[in-house]
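Hello,

I am passing a structure on to you, shown just below. My notes on what was found in it come after.

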Amino acid sequence: VLPREEPSSSVASPGGWCQLAGSAVIAFGLWFRFGGTIKDLSSEDKSPEYFYVGLYVLVGAGALMMAVGFFGCCGAMRESQCVLGSFFTCLLVIFAAEVTTGVFAFIGKDVAIRHVQTMYEEAYSDYLKDRGRGNGTLATFHSAFQCCGKESSEQVQPTCPKELPDHKNCIDNIKTIISVKLQLIGIVGIGIAGLTIFGMIFSMVLCCAIRHSRDVI
């Protein structure tokens, strides 16, 4: 009888990869959600929840990837076809979530941009009607997007960042910044989805290797 080949050390790779990728996705999502422009906007009464949906899905998928990675490692160590099959199924769910995130970020970009622009225009109008009430909200927008007013900054100059070198139209800046951020989310989502395909293929190949090694015995 030929000695049995032990595939466990190589099978552990997909689980470890999932945990590493999951940690990176969670870190990216949390940094995006609570850092810079988005962090400033989230403190307002009307936060752009539409913009956050993709991030929430991304962070959730990252957390699931970490949990799935643990089970993948356990299945590899125990050489369990059942656990590895569950690992494959969970990767399939993660793949769907990441693709949804990527598609949402690209297709829903215009809606998200318009949503934030509408928030700004409402804050702009409130400031002109009651300069005391709208001051804080408008100042937050100007600070977050490094802009000042729309066609002109004269009416809202007190709320503009002092370090701003020249006038920048906030409507245009909002479109540019939100577009770039959503494209980045979409790229990360599609990229992780692509990697999960390799994880699914690898897990099935290794599952078959375990079955083959048992059949030889």
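Cys-148 and Cys-160 both sit in the loop between helix 6 and helix 7, 12 residues apart. Their sulfur atoms are 1.6 Å from each other, and both Cys-148 and Cys-160 are buried. Please keep in mind that this is a predicted model.

A search of the whole structure finds two disulfides. The other one joins Cys-147 to Cys-170, with an S to S distance of 2.0 Å. Its torsion about the S-S bond is about 100 degrees, so the Cys-147 and Cys-170 disulfide is right-handed. Cys-147 lies in the loop between helix 6 (135-145) and helix 7 (170-216), while Cys-170 belongs to helix 7, so the bond ties together parts that are 23 residues apart in sequence. Cys-147 has 1% relative accessibility and therefore counts as buried; Cys-170, at 0%, counts as buried too. Counting bonded cysteines along the chain, the pattern of the disulfides is 1-4, 2-3.

Cys-90 is partly exposed, with a relative accessible area of 30%.

Regards

Technical notes
Residues numbered from 1 in each chain as written. Predicted model: local features only at pLDDT ≥ 70, side-chain atom pairs only at ≥ 80, totals over all residues. Heavy atoms only, no water. Disulfide = S-S within 2.5 Å. Helix = DSSP H or I, 4+ residues; strand = E, 2+ residues; numbered from the N terminus. Buried < 20%, exposed > 50% of the residue type's maximum accessible area, 1.4 Å probe, protein only.
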